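Please keep the sequence and the model in view while reading.

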Amino acid sequence: LSVMVTTWTGFLAGVFMVGAVVEMGAKGLLFSFVGIFPHMIFYGLSYGMILVYLFHYPRKNWNLSRTIFVILTMVLGVVTEVYLNPPLLRLLVPYLG
């Protein structure tokens with residue numbers, strides 16, 4: 001399962017970036033980085049914690065502190081995606097045209 005989730009996430013990021021580069025060139029690469037990067041820091045931490053657990057499942061125990069960490073980083077990712085990404089993209093769009 002963890003390999004499938006990692007593969008799917010990488011595939012989607014690749015499709016998004018290639019599409020942006022094909023349509024806009026180097027500006028599309030910059031646009032995709034700004035669109036993905038801020039919130040993916042938090043999502044990556046959360047996914048990483050879950051994937052490490054899944055890779056070492058029989059030997060590793062899940063506890064309350066890991067649950068709180070995953071929930072907190074996911075919430076921070078959502079907040080960043082909703083409140084930080086739109087202003088960053090609005091600042092970048094005039095320079096892309």
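## A surface residue and its patch

Ile71 is part of helix α3, which covers residues 64-83; helices here are DSSP runs of H or I with at least four residues, strands are runs of E with at least two, and both are numbered from the N terminus. Because its relative accessibility is 51%, Ile71 counts as exposed, where exposed means over 50% relative accessible area, buried under 20%, and partly exposed in between, with a 1.4 Å probe and protein chains only.

Together with Val75, Val78, Val79, Val82 and Tyr83, Ile71 forms a nonpolar surface patch with about 580 Å² of accessible area. Patches are made of residues with over 30% relative accessible area and no salt bridge, like charges being joined within 9 Å and nonpolar side chains (Val, Leu, Ile, Met, Phe, Trp, Tyr) within 5 Å; a salt bridge is a side-chain nitrogen of Lys or Arg within 4 Å of a carboxyl oxygen of Asp or Glu. Accessible areas come from the Shrake-Rupley method with a 1.4 Å probe, and for residues only the protein chains shown count as cover.

## Basis and confidence

This is a predicted model, in which local features need pLDDT of at least 70 and side-chain atom pairs count only at pLDDT 80 or more, while totals for chains, interfaces and linings use all residues. Residues are numbered from 1 along each chain as its sequence is written, and side-chain values use heavy atoms, with hydrogens and water left out.

The mean pLDDT (the predictor's confidence in each residue, from 0 to 100) is 88, and 98% of the residues score at least 70. Confidence is lowest in helix α1 (residues 2-24), with a mean of 85, and highest in α3, at 94.

## Overall fold

The protein has four helices and zero strands. Its radius of gyration, 16 Å, is well over the 13 Å that the globule rule gives for 97 residues, so the protein is more spread out than a compact globule; the radius is taken over C-alpha atoms, and the rule is 2.2 Å times the number of residues to the power 0.38. The C-alpha trace spans about 50 × 25 × 10 Å along its principal axes, and buried residues make up 19% of the 97 residues.

## Two buried residues

Ser46, in helix α2 (residues 26-55), counts as buried at 0% relative accessibility. Setting aside neighbours within four places in sequence, Ser46 is in contact (heavy atoms within 4.5 Å) with Val70, Thr73 and Met74.

Asn85 belongs to helix α4 (residues 85-96) and is buried, with a relative accessible area of 4%. Beyond residues up to four places away in sequence, Asn85 touches Val34, Gly35, Pro38, His39 and Thr80.
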